[in-house]
Amino acid sequence: MTPANSLSEAEQFERDAKFEDAAMAYAGILSRNPRNKRAQSALEGLRKRLDSQTDPSPVHQAGLEEALAEGRPFEAAESCGALLKTFRESHFLWDFLGRCHLAAGHLDNAATCLNKAIGINPRAAGSYAAMGRVKAARGELDNAMALYDKALMLAAGCLQALHGKAEVLIKRGQSQKAAIMLRKAVALAPHDAALHVTLAGLLTQQGAVEDAKEHYTQAVRLNPALTEARYQLGLLLKAEGAFAAALPCFDKVLQANPSDDRARTQRLHVLAELCDWKWLPEYGDFRRQLGLRGSGCDPSALMLMEDNPDLLRARAQSYASELFGTAELNSTPPAGQRPARLRIGYFFAARDAAAVLEQHGGMLAAHDDGRFDIRIYAVGASLPDSAAQRFDGLKVLDASATDQMAAAVKADQLDAAVDLSGYSGGGALPLFAARLAPLHILFPGYPGTMGTAAYDYLISDADACPPGSERYHNEHLLRLADGHQAVAPAAPSAAPDRAACGLPAQGFVFSSFASGSHITPQEFDIWMRLLQSAPDSVLWLADNGEHAMSNLRRAAAARGVDPDRLVFAPAASRDDHLARLPLADLVLDTFTVNATAAARDALAAGVPVLTLPGQQSAARTSASLLQAAGLPEMIAESMQDYEAKAAELAADSTTAASLRGKLRTQQQTAALFSPERLARQVERTFDAACERQQQGLAPAHLDLE
């Protein structure tokens, strides 16, 4: 720009009353040409006018705030620094520059600027609140609280102080007080999206999911750029099974940031739950980097996408590195001698209590109280009353306060802490980053490695984790001899008639009560061929929602099968489900991730299960169940064998009846049907692992006889 043009621009700024811009423009001209008389005279006149102003104009202040709000702290700080040459004693500018440094994580610079701002105006509540955030970021929570209280004394409605104080209260485990404070802040500033996000996160931890969804929805309505709020809203909708509603949340995150692998993983998982198989080619496009770059991705979703235990371990390690940080390793000195009663703590996510207790309740109740002091911990909110009543002394831990949770558990002086949820529930995970006990043991509700040294052992067996699979796990394997799961046989009850369940009066009933995400074209192609080869047969499936049912019906029609031969069973209580299951003739397992809970229920109800084991633990759990049930002949060796075995049973009613009779007999003697027997096995693993610990020996892979 020529000197004449620069001068013209500066004069136009002055005519528009943009005095700060005019002053900077004249100063720029003089830096290039110090003898420019017109610029000198104009700048002197402007400075006399500006000397009477302490702060820049409201227009400039608003522009700076907008840049900071849009995530441009460095640009905002540079503009602020230029203005400070003119307004050296501006409280606003020093306060703003401090907040820029705070946003950039430069805590020392932030403290220097905010101290200057407080010196200029010692009654500015916002500056004390911003300094409180600096102290909180340094972990100086007491100092942060004192500064927030000072700000609130000066201005009871100071939003920054209310927000910051609530965050400190959350860290201290005072979530109820924090919620009250955040609700007050939201009432004062209903258009502040950040407040809605913080409140929604706290409400989620407290189990107030409907309220949390409302506040996340408000946040993204107020600020569509808040992709994290959209992502969290999607997770809440997905957790309650509203997959079709969750999908747009993840899609919008990906529209804003196509490289967000977390959202990509959740989108693919939701599509899989909807039985929308376009997830398969999309996964193929992204599989090389998914979960291995940027933010880690949920391994419990990724394990559904391919049977590749080496890849799953790498992804789990990436995820765990963020979630657990630097895990506190076992440094407890050897005890030397086993106490009379080993103190064992079992942990699970409170919201998953029903599923956890359904799987492990019988075993937990069967522990030998003379040799083991069993403690039960439910982490988080939404614990069903039935679960709370099942165990005396069950402790509910507040998931919003990890440090307080860990301190409460450490005070119980456990010999071993056992995680029953893993990545499937997730509620206990932050706890296991701390060293709760000399030994941390994973008892898989999540059938795979956690990918972290935070866990010493994983309880399994030689069918789920055969020799050679050690490399797939960060944990050392504790292999039980008779399987690592148990289920009590279903109590005798009158089964409903076939018509009441939508089943035809005659014909073989193939069944799969797997979740939608477990079903892929690989299994479905076989199932459709089985229907075609067995006249009058039907496939009885779980009702996984209207979208999933419609997609499966269309897939059947595309394969030349009448969609009406797919019969969908609505959700039912477990007792009612166990009562109707005997109407099935054969349960067909899924491949990449077995339908483990559905297979357990089927075997408990006396219905044979057919499986094809894969490579990862999640693809081998049904094989473990069948070995423990004494039905190894129902473990196929290949897809062709799987299809042939199913077709043979459908064609030969005598063989099918004989198999059911064998299963009923096995229910009286086989290891799978004795939670008491499993309890004794698990106790031997505790003895063996703790004995090594007491002798000062490192964890090792152990096969228990």
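This is a predicted model: local features need pLDDT of at least 70, side-chain atom pairs count only at pLDDT 80 or more; totals for chains, interfaces and linings use all residues.
Guide: Residues are numbered from 1 along each chain as its sequence is written, and side-chain values use heavy atoms, without hydrogens and water.

Visitor: What makes a residue of the protein chain count as buried?

Guide: Buried means under 20% relative accessible area, exposed over 50%, and partly exposed in between, with a 1.4 Å probe and protein chains only. By that rule 53% of the 705 residues of the protein chain are buried.

Visitor: Why are both faces of strand 10 called covered?

Guide: In a regular strand the side chains alternate between the two faces of the sheet. Strand 10 (residues 566-569) has Leu566 and Phe568 on one side, Val567 and Ala569 on the other, and all are buried, so both faces are covered. Strands (E, at least two residues) and helices (H or I, at least four) are DSSP runs numbered from the N terminus.

Visitor: How do you know that strand 9 and strand 10 pair?

Guide: Two strands pair if DSSP finds at least two bridges between them. Strand 9 (residues 538-542) and strand 10 have 4 bridges, in the parallel sense, so they meet the rule. Ala542 has Ala569 in strand 10 as its bridge partner.

Visitor: Why is the crossover from strand 9 to strand 10 called right-handed?

Guide: The term applies if, with the strands pointing away from the viewer, the path from the first strand over the helix to the second runs clockwise. The β-α-β path here goes from strand 9 through helix 26 (residues 546-558) to strand 10, and is right-handed.

Visitor: What makes a space a cavity rather than a pocket?

Guide: On a 1 Å grid over the protein atoms alone, a cavity is a set of points where a 1.4 Å probe fits but cannot get out; a pocket is an open set with protein on both sides within 12 Å along at least five of seven lines. Lining residues have an atom within 4 Å of a point. The model has 3 cavities of 30 Å³ or more.

Visitor: Which residues lie nearest the centre of the second largest pocket?

Guide: Leu68, Ala69, Arg99, Asp192 and Ala194, out of 24 lining residues. The volume of this pocket is about 1,000 Å³.

Technical notes: Grid points are joined across faces, edges and corners, and a volume is the space filled by probe spheres set on the points.
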